[in-house]
Amino acid sequence: MSSIVAPVRAFDPDRALIHLGAWTLAILWILPLAYAVWTAFHPSAYETRFDLFAPLTLENFIRAWNAAPFGRYYVNTILLVTMILAVQLVLCSLAAFAFARFEFPGRNLLFALVLVQLMVMPDILIVRNYATMARLGLLDSILAIGLPYFASGFAIFLLRQTFKTVPRELDEAARVEGCSWLGLLRRVYVPLARPTMLAFGLVSVSHHWNNFLWPLIVTSSVETRPLTVGLSIFATTDSGTEWSIINAATLITSGPLLIGFLIFQRQFVQSFMRAGIK
Amino acid sequence: MTVRRDWLTALAFLAPALALLFTFTHYPAIQTLIDSFWSTPRGRRAAVFVGSDNYARLMQDPVFLRAMVNNAIYAAITIPASIILALVMALFVEGRIRGRALVRMSYFTPTMLPLIAVANIWLFFYLPGFGLFEQIRSAFGLSPRNWVGSPETALYGVSMVTVWSQAGFFMIFYLAALNTIPPSLREAAAIEGCRRWTFFRRVIWPLIMPTTLFVSVNATINAFRTVDHIFVMTQGGPNNASMLLLYYIYEQGFRFWDTAYAATLTVVMVAILSVVGIGQFFLLDRRVHYR
Amino acid sequence: MLRTFAASAALALGLSSAAQAVELEFYFPVAIGGPATQIIDELVADYMATTPGVKITAIYAGNYPDTLSRAITASRGGRPPQLAILDAPDLFTLLDEDLILPWDDFLSAEEMETWVGGFFPAFMQNSQTAGKTWGIPFQRSTPVIFWNKDAFAAAGLDPEVGPATWDEMVEMAKKLTLRDASGKVTQWGVRIPAQSVWLPSGLVAANGGEMSSEDGTQAYFNTPETIGAIDFLAALSRDHGVMEPGVLDWGATPRAFFDGQAAIIWTTTGNLTNIRKNAPFPFGVGMLPANVRRGAPTGGGNFYLFRGASDEQLAEAVKFVQWATAPEQAAKWSIATGYVAPRPEVWETEVMKDYVREVPGAVVARDQLQYTIRQFSTYDVLQVSKAFNDNVAAVIAGEKTAAQAMADAQATADAILAAYRK
């Protein structure tokens, strides 16, 4: 390809424009984060004065870390996203498998009811779900944050699509060899659906790492609050807002996820391609 | 007999997921509808049946009407803006530009940051006088503006943050789609001297149509549920200028503890999403045939 | 999951030690960043060290609304705390939810007179209703003004004298508002962040008005005093051009002060420590300026006793609060946090006198207490406040006149409060 287009490209004004556009947008898009990093590493007096030679400091991080139990919030968030993803993958694989491979009365109706959740998400039914959690005695627990998200309509939908592409001959062969349905799901379907699961997993983890409203409502103590809620409480003050410390706290809370995704960027895109989410 | 056993197996596979789904989606949706016909129980007073009182109040509540209008504007801005930007980003990054990895990272990074956290950064950007946004404006000789403190601009200020935070996420879907377009098509187009724009309009755009539909469904849902930054930036103010439906539900339900009225608002929200959902289901249906 | 486990473990431990110790759960809200959490932990630890047989678990529950939510949900779930510090204006919400007990039931007549009677009367205004005392003042504050002495000197004003009246404030602010060659303002004269009802009620007080009635069923919005106050607030930008237009952010106010964006700011006395530490120029502290009289609201949190506790627990809770508000502890708390020590006798201690010598600004808030009005507090206080705040924003934006806006706010407030007027 390049050998054919190369001579044209040398004087291509389109390309120059594309570069200009791409880079301008990139700079605009990274500016808020760049600003957060800059203030987090400089004393608060430089929040509003951009000075290349401002002294560097880690004090904001130290103060933020000491001012709120971020260590505990980390543990909570990691427990939360792991729990949600693990349960989602198990429950939704089972359900998707049933929808993809079994004939039974009411299948389409049930599947339509699953799809309802794509629109009417738990994020919206907060008032009633809060009452349910209160009745179950689960308020202020990590389980309560995850429970409404365990049965994910999106995951069931995606996995069903993927499972349907598995050739029937494969499962007939396995059945003939005396493989149970569960065994078939585990040995044949799940391995083939791995890219879908990876892509879904990434979406799920980032969504629940960053989720705020529902955790804000159901948690009320340090032992259960995830990072987002901890951060919001940290940032609400009766006196003045100290951006350098809040920005340091922001970096503390999103750092690992950010670094993880930057490292796995390529795999992330590829898993989406292979999963057929497009 | 075997058919029956299959049914039982299917049921066993479905049961856990469906039980949870019914408990936390269908049951609350129905119960919310029922709650909307009752008053809010308070410490000293139990709930009583009030018929359509809550709905009558809704129709006369200027804040609710404002929230509806705001949410429509919010959707009208964030949905197209996010989709167009996501596509533009994907096209930029998919081409052979210098520093592609860096550019892609810049586009994608906002998606990984919690909205609740970036809201503080943006709040600072918008501060009149000393915010960064303002310093850029003043470099162009424009006078300072109190972006989130003025009713005329607060909603736009908030919308911009939403677009910023989600465009990079949608870009990933477009990238995945663009990557499946065979290079041979492009080469053929290049040989025939086809202009970029024509190539995009005739070849790429139709091919990525399913992705556009998928992304637009997501953007629509987000236009109703993305309110995290409101908590930090405006709390729906000033004078409800940036009040969105879900934030209003939160305020009524968990700040004012008026759960019956919050349930009534939720019913409206569910109704809107159902209509949008059914509409998009038909679009998606076409997409499935397409595949 | 974890939480349940922790709770059952705690329960098991509790059962084994129940015979020896009375256990108290105590919710408290603090703005993090300050040293308040640490001080509370120290106070609790000190108390337990000197008082065997009592085990107090201090639970940091977030800001005021979060702490209130938690107290309500815990009570509805049958596990209320025994003691909590909550925002003083939440009194009527707590009464409406039937969550709290009057202190009168646990104090002798003598204690009522000497101890309850020993707090600044200003702070008791939001603590008593229907002839009973429901709250004991602890982390209380009032708004004050801070001014930039360098900016005053540069504008040809006496840096040692702040504005005492509204007119003086406008005159000074005009001199303090600086514009560059292009006409863009580089320094505003004054900054009053009016996101919440608190600072506007300082204007209402100075204008000779009140904000709410003692029984929590009346809000006074559509009054000449309130209308005049709100119109004055809007006029600062609209007519005088000395305040930045729009609704100003509360949290960014100290930053605006440090950066020279505003020469006079209105904020809480609780910012004294922050400003002392971060202002790169000398500054003055003063009472809110007067119009027809001096006036300001009070603010901050009270101790409340919760229903559902045993008599033994309540008796211990009362003893703990008496200890925590005693001069030595209250002085320590006040100096560390910037809250106003709630009893005159605290100001007589040596530590407190030393502190005042070092930071003369600290007494301004105390001296202002003789002029304060009741902090805005009604039933459904958040809804009623919202009606007010929304309409104030409309006036600031120029969408409504002050008279129109306050009439609207009053109509909304009356509709909400009608249910409580019997």
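The questions below set values beside their definitions.

This is a predicted model, in which local features need pLDDT of at least 70 and side-chain atom pairs count only at pLDDT 80 or more, while totals for chains, interfaces and linings use all residues. Residues are numbered from 1 along each chain as its sequence is written, and chains are lettered from A and ligands numbered from 1 in the order in which they are written.

Q: How do you know what confidence the predictor has in chain C?
A: Look at pLDDT, the predictor's confidence in each residue, from 0 to 100. The mean for chain C is 89, and 94% of its residues reach 70 or more. Over residues 1-19 of chain C, however, pLDDT stays under 50.

Q: What makes B:Ala86 a contact of B:Met171?
A: Two residues are in contact if their C-beta atoms, placed from the backbone, lie within 7 Å. B:Met171 meets that rule with B:Ala86, and also with B:Met89, B:Ala90, B:Tyr107 and B:Phe108, leaving aside neighbours within four places in sequence.

Q: What makes up the side of chain B that touches chain A?
A: The contact takes 82 residues from chain B and 76 residues from chain A. On the chain B side, 57 are nonpolar (Ala, Val, Leu, Ile, Met, Phe, Trp, Tyr, Cys and Pro), 8 charged (Asp, Glu, Lys and Arg) and 17 polar (the others, Gly among them).

Q: Why is chain C described as having two parts, domain 1 and domain 2?
A: Domain bounds come from an automatic or database domain assignment, and this one divides chain C into domain 1 (2-141 + 299-373) and domain 2 (143-297 + 379-420). Their C-alpha centres lie 30 Å apart.
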